Amino acid sequence: MMTTGIWISIWDISAFRVIFRILRYVAMKILFTGTGNAVCYTGRAGACTIISSNESDIICDFSPQALLNIEKDRVDISGVDHIIITHLHGDHFGGLPYLFLYMRDALGRKNPLYVTGPSRIQTIVEQLTQLLYPGISFPFDLVFSEINPDDTVELASTPFSIKAFKTDHTDDSLGFIINDGEKKIAITGDTTLTPEIEKICPLCDMFITECTLIEPIANVKHISAPEIFSLASENKEVKIVAIHSDEKTAKSIQWPENLIFPNDMTIEII
Ligand SMILES: [Zn+2]
Ligand SMILES: [Zn+2]
């Protein structure tokens with residue numbers, strides 16, 4: 001009996017891997033590496049999402065805790081050449097110096113790494129890296145690019161293009177529409193629910209946004225549970241994913257079926 005159980009487990013794992021490899025060719029896969037916010041309620045890492053299509057992976061945002069989940073679950077990020085950053089708050093970009101170290105010391109990276117984000121991205125990331133590790137250098141080029149709202153950029157050697165849009169969080173915070181030629185997802189990063197976001201949502205196969213607040217709070221630039229409930233109810237054909245939340249917010253309301261609050265390391269395929 002035990003042997004049967006073991007063989008079933010092994011078969012399950014190999015079948016899962018085969019299916020997963022095939023899906024990498026035909027579908028867009030989203031791995032929610034970090035679904036928490038700056039205070040990491042219930043141990044969930046700050047923002048990090050890995051998007052894969054046609055054997056290419058890109059990363060959107062990289063919190064200081066993201067690497068822990070990547071290493072714990074042995075996620076292979078050796079093929080990642082592009083990181084995109086929504087805004088320069090620590091829970092969205094503060095893990096980059098550790099990612100660079102990991103790529104140097106654990107992965108032996110030699111190829112350039114491209115980091116795209118809002119204005120000042122190069123200055124701020126370089127300053128943070130040098131503050132944490134004075135004098136550090138890397139055997140690969142770090143290539144920074146600024147992107148502005150409405151710019152569209154093709155990410156070289158991947159099927160992905162990204163189009164930036166303005167969000168309402170910091171002066172230069174951005175969201176991205178990510179297109180692999182077949183499917184379209186959007187990631188808003190931190191924001192309030194703006195008219196532009198309400199326009200973009202129905203154009204996407206998946207809409208990844210935030211839900212930080214149980215109720216709206218004046219002058220706090222985040223989305224609340226009732227607001228995301230309305231967005232999901234009005235866009236039933238779109239799968240809506242709420243990250244940057246805590247457990248109380250996630251449990252504060254009966255959610256529509258097209259809305260999910262994933263935990264760290266949830267995988268979605270579209
Ligand atoms: Zn923020
Ligand atoms: Zn945040």
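What percentage of the 270 residues of the chain count as buried? The figure is 41%, where buried requires 20 or more other C-beta atoms within 10 Å of a residue's own, exposed 12 or fewer, and partly exposed anything in between, with C-beta atoms placed from the backbone. This is a predicted model, in which local features need pLDDT of at least 70 and side-chain atom pairs count only at pLDDT 80 or more, while totals for chains, interfaces and linings use all residues. Residues are numbered from 1 along each chain as its sequence is written, and chains are lettered from A and ligands numbered from 1 in the order in which they are written.

Overall dimensions next. Along the principal axes, the C-alpha atoms fill a box of roughly 55 × 50 × 35 Å. Contacts here mean C-beta atoms, placed from the backbone, within 7 Å. Of the contacts with a separation of 6 or more, 58% are between residues 24 or more positions apart.

The chain has eight helices and 14 strands. These are DSSP runs numbered from the N terminus, with helices being H or I of at least four residues and strands E of at least two.

Now the sheets. Strands count as paired if DSSP finds at least two bridges between them. One open sheet has seven strands in the order β6-β5-β4-β3-β2-β1-β14, with mixed pairing. Its edge strands, each pairing on one side only, are β6 (142-146) and β14 (266-269). From one strand to the next the twist averages 20°, with axes fitted as lines to C-alpha atoms, for helices over the stretch in contact, and angles from 0 to 180 degrees between N-to-C directions. Within this sheet, β1 (29-34) and β2 (48-53) run antiparallel and are joined by five bridges. Ile 30 stands opposite Ile 51 there.

Gly 117 sits in β5 (113-117). Is Gly 117 buried or exposed? Gly 117 is buried, because 29 other C-beta atoms lie within 10 Å. Beyond four places in sequence, Gly 117 contacts Ile 84, Ile 85 and Ile 147.

A further open sheet of seven strands runs β7-β8-β9-β10-β11-β12-β13, again with mixed pairing. At its edges, β7 (152-154) and β13 each have a single partner strand, so one side of each is left without a neighbour in the sheet. Six bridges pair β8 (161-166) with β9 (174-179) in the antiparallel sense, and Ala 164 has Phe 176 as its bridge partner.

Last, helix α7. This helix lies across β11, β12 and β13, at about 165° to β12. In α7 (225-234) the buried residues are Ala 225, Ile 228, Leu 231 and Ala 232. Seen down the axis, they fall within an arc of 125°, so they line one face of the helix; the arc is that of the directions from the helix axis to the C-beta atoms.

Ile 228 and Phe 176 are among the residues with the most contacts inside the largest nonpolar core, which has 60 residues. Such a core is a set of buried Ala, Val, Leu, Ile, Met, Phe, Trp, Tyr and Cys residues joined through C-beta atoms within 7 Å. Leaving aside neighbours within four places in sequence, Ile 228 contacts Thr 209, Cys 211, Ile 223, Ala 242 and Leu 259.

Note on methods:
Two residues are in contact if their C-beta atoms, placed from the backbone, lie within 7 Å.
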